[in-house]
Amino acid sequence: MGSSIDAPNSPQCPSFAIRDESLNRFLRSVSTKEPSVSDLPYIPSRLQTASLPSSPHHPFAAGDHSPTTAHRCVSSVLKKDGQILSIAVSNGLVYTGSEANVVRVWKLPEFNEYGQLKTRAAMAVALEVLNDKVYAAYADGKIRVWRRSWDGVPRHVRLATIPRAGINVRGYISGKDKMMKHMGAITSMAINISDDILYSASLDRTVKVWRISDHKCIETIQAHTEPVNAIVVADDGVLYTGSDDATVRVWRRNFCSGDRPHSLTVTLPAKNSPVKTLILTGDGAVLYGGCTDGYIHYWHKGWFSGQLQYGGALQGHTHAVMCLANASNFVISGSADSTCRLWNREQDGQHKCLAVLQGHRGPVRCVTVFPGRSGQDDGEDGCTICTGSLDGILKVWHVNPKGNAGRRSPRHGCDYKED
């Protein structure tokens with residue numbers, strides 16, 4: 001197995017393992033002057049001036065090199081958990097997964113630690129929260145489930161492990177691969193609420209479909225020819241998968257298709273760059289894909305056909321885009337160049353970079369965002385962003401495009417709490 005984008009002298013992050021040695025530097029295909037990834041945690045490189053040519057068929061939106069939006073780091077926490085690998089937010093609580101065997105729970109808006117979800121397994125590489133349940137996917141290919149209750153304070157009770165013990169043996173004997181766990185680390189999860197389905201993507205090139213009610217695997221999708229890194233599902237049930245094979249694939253579920261109800265409808269090329277992360281706008285109108293070349297490609301639905309059409313790419317990051325999040329008209333990207341960028345999707349469909357968040361000393365692995373200040377619905381413009389990095393630090397930022405977010409943070413972020 002080739003190298004990964006982890007910080008030097010640290011364990012590999014399985015969700016970003018590279019199978020092709022020719023890709024192990026994560027450099028843009030249009031530039032040969034960028035430093036190696038081993039320099040990332042300490043010396044983020046400058047933005048290269050070379051770029052792909054703009055044309056009606058390949059429009060590129062360059063990031064603003066001098067963003068003026070007010071932003072500041074309001075909290076920064078360092079725990080002895082190693083790299084932060086995943087993050088999710090729900091009902092005023094933020095969940096973070098790391099290399100350690102604990103998922104930490106933080107309370108908004110003060111962002112104090114509010115609890116822990118402990119397991120024997122380590123490396124929670126993906127997190128999803130739905131209603132009263134928390135799903136954490138681990139590097140061992142299994143998903144742990146907790147039920148959340150409120151009795152003055154939130155309490156979490158371990159509910160299940162997916163797949164259950166013994167399913168692998170029965171599946172092997174019967175020859176039904178859909179009954180087996182992933183043969184590689186899980187990289188991403190998505191939930192289809194209306195169909196009672198949990199999707200999990202894996203380095204084993206498959207996507208598994210789990211029925212939430214009984215935690216049974218009901219289908220295995222042979223999704224890509226290379227590891228599947230990202231997965232999102234729209235409200236109408238359409239499934240999107242992104243892979244190291246440099247494509248995004250679109251799947252629809254047909255309930256009359258027997259054991260293989262998910263069928264491939266279209267394959268979207270990502271300009272010959274492996275896709276590491278996907279995000280879909282709330283209305284399902286725009287799909288974003290972050291790639292190892294540093295670009296964020298996006299597709300939008302046509303007004304009449306409803307089919308996805310290539311819209312262009314957001315240019316600004318100098319290394320692989322590792323995570324994406326969105327809220328309202330904001331899109332946030334985290335990168336192996338140790339920065340986050342806040343983009344605004346304008347009414348005409350164009351994008352503008354509003355802010356560059358600098359302060360992490362390693363690749364930004366996960367990000368989440370919500371409107372207003374620290375989860376409070378105070379009617380304030382702007383948004384609150386939580387970022388987790390392979391440097392082991394969790395940061396909270398407030399960004400206000402129209403007002404003053406307070407004193408702007410220094411280049412390397414605000415003071416942090418350390419345990």
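A salt bridge is taken here as a side-chain nitrogen of Lys or Arg lying within 4 Å of a carboxyl oxygen of Asp or Glu. Under this criterion, 10 salt bridges are counted in the structure, which is a predicted model.

Among these contacts, the side chains of Lys 107 and Glu 110 come together in a salt bridge with an N to O distance of 3.6 Å. Lys 107 has a relative accessibility of 26% and is therefore classed as partly exposed, because the partly exposed class lies between the limits of 20% for buried and 50% for exposed residues. Glu 110, with a relative accessible area of 39%, is likewise partly exposed. A further salt bridge joins Asp 214 to Arg 211, and the closest N and O atoms of this pair are 2.8 Å apart. Here, too, the residues are partly exposed, the relative accessible area being 25% for Asp 214 and 32% for Arg 211.

The contact between Lys 276 and Asp 244 is also a salt bridge, with 2.8 Å separating the closest N and O atoms. Lys 276 belongs to strand 19 (residues 275–280), whereas Asp 244 is located in the loop that runs between strand 16 (239–243) and strand 17 (247–253), so the pair ties together parts that are 32 residues apart in sequence. Both Lys 276 and Asp 244 are buried, that is, each has under 20% relative accessible area. Besides these individual pairs, salt bridges link Lys 79, Asp 81, Arg 104 and Glu 113 in a network.

With regard to the strands, an open sheet is formed by four of them, arranged in the order 3-4-5-6 and paired in the antiparallel sense. In general, strands of a sheet pair through backbone hydrogen bonds, in either a parallel or an antiparallel manner. The pairing of strand 3 with strand 4 (residues 93–98) is antiparallel and extends over six bridges; at the level of individual residues, Ser 86 has Gly 97 of strand 4 as its bridge partner.

Key. Residues are numbered from 1 along each chain as its sequence is written. This is a predicted model: local features need pLDDT of at least 70, side-chain atom pairs count only at pLDDT 80 or more; totals for chains, interfaces and linings use all residues. Side-chain values use heavy atoms; hydrogens and water are left out. Buried means under 20% relative accessible area, exposed over 50%, partly exposed in between (1.4 Å probe, protein chains only). Helices (H or I, at least four residues) and strands (E, at least two) are DSSP runs, numbered from the N terminus. Two strands pair if DSSP finds at least two bridges between them.
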